[in-house]
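Here is a short briefing on one structure. Please look through the sequence and coordinates before reading on.

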Amino acid sequence: MWKLAVTPLAFLLLTAPGVLSQCRPGDNCKLPDCRCWDDTQLPGSLAASDIPQMVIVSFEYGINSANVDSYLELFDGITNPNGCQPKATFFPTELNTDFTVIKSLYDGKHEIAMTTPTGAIPLDADEWKKAFSDMKAKISGAGVPESEVIGTRGPELYCGGNDQFDSIKENKLVYDSTCVTLEYTDKNTFLWPFTYDYIENTPECTIGKTPTMAYPGMWQFLVADLTFKGTKCASPSACSLEIVDSQDAFDFFYNSFALHYEGTTKAPFILYIDPLWLSVEHQRQGTKQFLEFIRAAFDDTWIVTTQQALAWIQTPVASVNATDFQPWEC
Ligand SMILES: *[C@@H]1O[C@H](CO)[C@@H](O)[C@H](O)[C@H]1NC(C)=O
């Protein structure tokens with residue numbers, strides 16, 4: 001009798017929409033292709049102290065022979081704990097981009113992702129679709145294999161919500177790194193990248209629209225905002241008025257890095273470098289000093305591309321074993 005009574009109830013519970021749509025870590029959502037936004041376990045169930053601190057350096061807009069060296073020289077003389085030179089993630093526009101430069105960056109093992117062709121925010125679903133299909137065509141036309149181009153970022157960190165994710169899906173892309181959140185920006189609340197398999201309660205994007213539909217297997221790399229002398233800013237240039245010398249620029253990034261490093265989640269730190277930022281000499285110097293310092297001072301800190309970070313999240317290894325982690329090799 002007991003069995004008969006309990007079975008229909010269990011059936012009802014499992015099929016009720018609210019229960020089905022809820023993300024349950026390790027149950028209806030598992031790595032490598034699903035991670036709940038609010039999963040309280042760190043990837044691989046590792047302790048924060050065993051997690052390599054990842055720092056993702058990303059550049060946006062026109063990439064050409066006039067500006068590419070100013071990006072690449074940030075990594076001069078810097079190596080990761082495995083002896084390899086760090087690589088960056090580029091989110092080029094078509095405007096002002098020289099695609100032979102894009103191909104040589106790819107050949108140098110940097111990651112090629114994309115933003116919209118002109119750097120303008122698409123106005124509707126069709127424009128988002130065309131934006132990413134045009135960029136994919138341009139990038140693959142330059143000789144970068146299509147399967148290696150999986151990432152997107154909305155212009156000026158503007159998230160396109162469902163329109164953007166419909167385009168990500170249609171163009172066979174995998175992740176977005178646009179959503180700025182004001183909610184999860186404290187030492188102990190930084191979130192790990194997550195998938196939109198279950199949309200319920202996923203974080204609001206402060207700029208633009210937040211997806212409201214489920215997109216299984218598609219990842220969001222949230223961009224935590226930066227704070228300096230009490231001012232909050234989504235992009236580094238937005239804080240420029242507060243930054244008067246290279247020490248300020250160093251402190252600006254270092255303080256934010258330290259919150260990630262010392263926090264309970266040890267989530268990846270995404271450094272969003274807008275083109276204006278590096279055009280100011282003391283800001284360029286402070287950025288370079290910051291990257292040199294974190295590699296010199298912390299033996300569990302790695303500068304990686306977004307794809308390298310994703311590979312780690314999908315198959316996590318402890319810090320002590322990270323020097324043998326294949327996706328991080330040269
Ligand atoms: C590192 O790798 C070795 C060999 O695979 C394994 O036995 C050990 O548990 C790993 N260490 C950690 C902290 O995961």
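**Helix packing, ligand and backbone**

Start with a crossing: α7 passes α9 in a right-handed sense (the near helix is turned clockwise from the far one by less than a right angle; the anticlockwise case is left-handed). This is a predicted model, where local features need pLDDT of at least 70, side-chain atom pairs count only at pLDDT 80 or more, and totals for chains, interfaces and linings use all residues. Residues are numbered from 1 along each chain as its sequence is written, and side-chain values use heavy atoms, with hydrogens and water left out. Helices (H or I, at least four residues) and strands (E, at least two) are DSSP runs, numbered from the N terminus.

**Helices α7 and α9**
- Helix α7 spans residues 246–262 and helix α9 spans residues 281–297.
- They pack at about 45°, with axes 7 Å apart (axes are lines fitted to C-alpha atoms, for helices over the stretch in contact; angles run from 0 to 180 degrees between N-to-C directions).
- α7 and α9 are therefore oblique to each other (under 35 degrees is roughly parallel, over 145 roughly antiparallel, 65 to 115 roughly perpendicular, the rest oblique).
- On the α7 side, the contact residues include Phe 250, Phe 253, Tyr 254 and Phe 257 (contact means heavy atoms within 4.5 Å).
- On the α9 side, Phe 290, Phe 293 and Ile 294 are among them.

**Helices α5 and α6**
- Helix α5 (residues 125–141) packs on helix α6 (residues 161–170) at about 40°, with the axes 8 Å apart.
- α5 and α6 are therefore oblique to each other.
- α5 passes α6 in a right-handed crossing.
- From α5, Ala 125, Trp 128, Lys 129 and Phe 132 make the contact.
- From α6, the partners include Asp 163, Gln 164 and Ile 168.

**Ligand**
- Ala 318, Val 320 and Asn 321 surround the ligand (a residue counts if one of its heavy atoms lies within 4 Å).
- The protein covers 29% of the 360 Å² of accessible area that the ligand has on its own (Shrake-Rupley method, 1.4 Å probe).
- A polar side-chain atom of Asn 321 lies 2.3 Å from a ligand oxygen atom (a polar contact is a pair of N or O atoms within 3.5 Å).

**Backbone**
- The Leu 31 to Pro 32 peptide bond is cis, with omega near 10°.
- Pro 32 lies in the loop between α2 (17–20) and β1 (53–60).
- Asn 96, a residue other than glycine, has a positive phi near 65°.
- Asn 96 lies in the loop between β2 (89–91) and α4 (99–107).

Note on methods: A polar contact is a pair of N or O atoms within 3.5 Å; within protein, one must be able to donate a hydrogen and the other to accept it, and residues adjacent in sequence count only if both atoms are side-chain atoms.
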